[in-house]
Amino acid sequence: MRSPVVKKERSPIFDLVLRNARLDGQAVDVAVQDGRIAAIGQSVGQGRQEIDAQGRMVSPPLIESHVHLDTTLTAGEPKWNESGTLFEGIATWALRKESLTEDDVIRRATELLRWQAAQGVLYVRSHVDTTDPDLTAVKAMLKVKENVKGLVDLQLVAFPQEGILSYPRGAELLEEALRLGVDVVGGIPHYELTRDMGAESVKIAFTLAEKYDRPIDIHCDETDDPQSRFLEVVAAETIRSGMGRRVTASHTTAFGSYDDAYAFKLMGFLQRADLNFVANPLVNITLQGRMDTYPKRRGMTRVKELWQNGLNVSLGYDDVMDPWYSLGTGNMLQPAHMAVHVAQMTGRKEVMACYDMVTRNAARTLGVQDRYGLAVGRPADFIVLDAQDAWDVLRRLATVTTVVKGGRPIAEATPPEVRLLGERVTFQR
Ligand SMILES: [Zn+2]
């Protein structure tokens with residue numbers, strides 16, 4: 001096998017050149033100098049190091065908009081969630097939480113980030129539980145964030161798993177996490193003891209966000225209950241505060257169960273608020289609809305309609321090998337592939353839009369648009385995928401063959417070679 005890395009010594013003018021890549025249907029080279037993209041075009045010049053993309057697609061890196069790194073890689077400890085329900089997941093996590101230490105969290109979170117970086121996921125937003133009087137996971141994740149600098153751009157959300165008002169000192173612990181350096185304010189209004197407490201908890205989250213000048217990402221209406229209507233409170237607070245694109249509503253699965261008349265009215269308010277949405281199709285389709293017999297609801301927010309109405313939607317894995325979802329590798333193409341199916345976005349443009357949900361839309365959710373993307377002057381963070389275009393990526397769940405971070409190749413992979421009766425099968429027409 002030919003190595004994709006080819007050394008060239010002839011008058012190098014760039015640190016790195018990616019040769020023969022495909023971008024928007026065009027053959028291009030991408031040149032990198034001092035960690036930034038210096039040129040994109042044809043025959044850009046020599047590089048001290050060169051990588052042959054072999055006609056494959058180049059893309060900005062994949063982005064994880066919503067994961068829980070403090071619970072990851074614990075599936076089966078101390079027992080498996082055999083019913084697969086949210087409730088057995090919570091009960092199982094309560095058992096596992098008894099033995100939680102900083103080292104334990106650091107080891108597991110770092111390992112999953114390694115898996116993600118190896119698959120081209122270079123920006124990650126992780127929630128971290130603040131309903132713990134010792135804030136063990138928060139302290140651990142702040143260390144992880146420092147440790148992975150230069151490999152993954154990690155954002156942390158202060159997530160009050162057991163409530164801001166329903167857990168003892170919940171609001172104080174949330175604020176303490178922000179003081180310690182957690183980037184984003186979280187919430188979980190549908191899990192507060194009463195509807196009033198839920199609405200009040202959203203207001204507390206906004207007050208803290210304004211006080212500490214932080215974005216907001218709320219676990220909102222993660223239930224099939226059509227009466228769970230905290231999204232309207234989040235929209236109202238977003239309009240009042242003018243925080244707009246710094247606000248994200250995660251899950252909003254109840255939106256999939258709302259009466260159409262209410263959903264239509266709400267959509268107008270959401271457009272006015274211009275907030276971001278994160279859906280987690282792998283876990284939403286698995287955990288929601290569990291109380292239904294048949295017909296069984298899909299339990300996902302209205303991804304297609306939000307997208308059609310011009311709202312920003314991105315996707316998360318949510319859980320990887322933990323009590324709520326025992327499968328997974330952190331490959332962001334998997335939730336994108338699932339979104340195509342669960343949201344019925346099978347039109348050609350719709351499939352492409354699902355790829356945007358794990359790339360550029362997610363950059364907007366994380367607020368990193370100013371340093372993300374394939375453009376001259378931007379940080380040289382990009383990936384090569386064994387595919388022609390975004391549609392082909394999702395059709396075949398393409399291998400990410402090269403990952404470049406800050407101008408440095410950090411990961412490479414060889415797509416599997418399949419042979420039938422001695423002849424190569426490419427899965428291409
Ligand atoms: Zn979550």
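Predicted model: local features only at pLDDT ≥ 70, side-chain atom pairs only at ≥ 80, totals over all residues.
Let's start with the metal. Which residues coordinate the zinc ion? There are His66, His68 and His219, each through NE2, and Asp318 through OD. The distances run from 2.1 to 2.5 Å. Now the geometry. The angles subtended by the four donor atoms range from 85 to 177 degrees, so the arrangement is irregular. A tetrahedral label would need all angles between 85 and 135 degrees.

Along the chain, the donor spacing reads H-x1-H-x150-H-x98-D. Look at one pair in there. His66 sits in strand β7, residues 62-67, and His219 sits in strand β11, residues 216-220. They are 153 residues apart, and the pair links distant parts of the chain. Are these two buried or exposed? Both His66 and His219 are buried.

Next, helix packing. I have two pairs to show.

The crossing is right-handed. On the α5 side, the contact residues are Arg195, Gly198, Ala199, Val202, Lys203, Phe206 and Glu210. On the α6 side, they are Phe230, Val233, Val234, Glu237, Thr238, Arg240 and Ser241. Keep the helical repeat in mind when you read such lists. An α-helix has 3.6 residues a turn, so residues three or four places apart point the same way.

The second pair is α2, residues 102-118, and α3, residues 136-147. Here the axes come within 9 Å and cross at roughly 45 degrees. These two helices, α2 and α3, are therefore oblique to each other. Their crossing is right-handed. From α2, the contacts come from Glu102, Val105, Ile106, Ala109, Thr110 and Leu113. They meet a set of α3 residues, among them Thr136, Ala137, Ala140, Met141 and Val144.

Now to helix α4, residues 170-180. Which of its residues are buried? They are Gly170, Leu173, Leu174, Glu175, Ala177 and Leu178. The cover over them includes α3, β9, β10 and α5.

At 3% relative accessibility, Leu173 counts as buried. Beyond its neighbours within four places in sequence, Leu173 contacts Thr130, Asp132, Pro133, Leu135, Tyr167 and Pro168. Asp129 is 44 residues from Leu173 in sequence, and their C-alpha atoms are 9.9 Å apart.

Ala171 is also in α4. At 26% relative accessibility, Ala171 counts as partly exposed. With residues up to four places away set aside, Ala171 touches Ile164 and Ile204. Val283 is 112 residues from Ala171 in sequence, and 27 Å away from C-alpha to C-alpha.

What follows α4? Just after the helix, Gly181 takes a positive phi of about 120 degrees.

Thr402 is in strand β16, residues 400-405. At 8% relative accessibility, Thr402 counts as buried. Leaving out residues up to four places away, Thr402 touches Ile51, Phe382, Ile383, Val384, Ala411 and Glu412.

Finally, the backbone. Two cis peptide bonds to point out. The bond from Glu77 to Pro78 is cis, with omega near -10 degrees. Pro78 lies in the loop between β7 and α1. Tyr294 and Pro295 are also joined by a cis bond, with omega about 0 degrees. Pro295 is in the loop between α8 and α9.

Then two non-glycine residues with positive phi. Thr252 has a phi of about 40 degrees and is not a glycine. You'll find Thr252 in the loop between β12 and α7. Why does Thr252 count as buried? Its relative accessible area is 1%, and the cut-off is under 20%.

Gln344 has a positive phi too, about 55 degrees, and is not a glycine. Gln344 lies in the loop between α10 and α11. With a relative accessible area of 45%, Gln344 is partly exposed.

That's the tour. Questions, please.

Terms used. Residues numbered from 1 in each chain as written. Heavy atoms only, no water. Donors = N, O, S within 2.8 Å, 3.2 Å for Na, K, Ca; no water. Tetrahedral: all angles 85-135°; square planar, octahedral: opposite > 155°, others 65-115°. Helix = DSSP H or I, 4+ residues; strand = E, 2+ residues; numbered from the N terminus. Buried < 20%, exposed > 50% of the residue type's maximum accessible area, 1.4 Å probe, protein only. Left-handed = near helix turned anticlockwise from the far one by under 90°. Contact = heavy atoms within 4.5 Å. Axes fitted to C-alpha atoms, helices over the stretch in contact; angles between N-to-C directions. Parallel < 35°, antiparallel > 145°, perpendicular 65-115°, else oblique.
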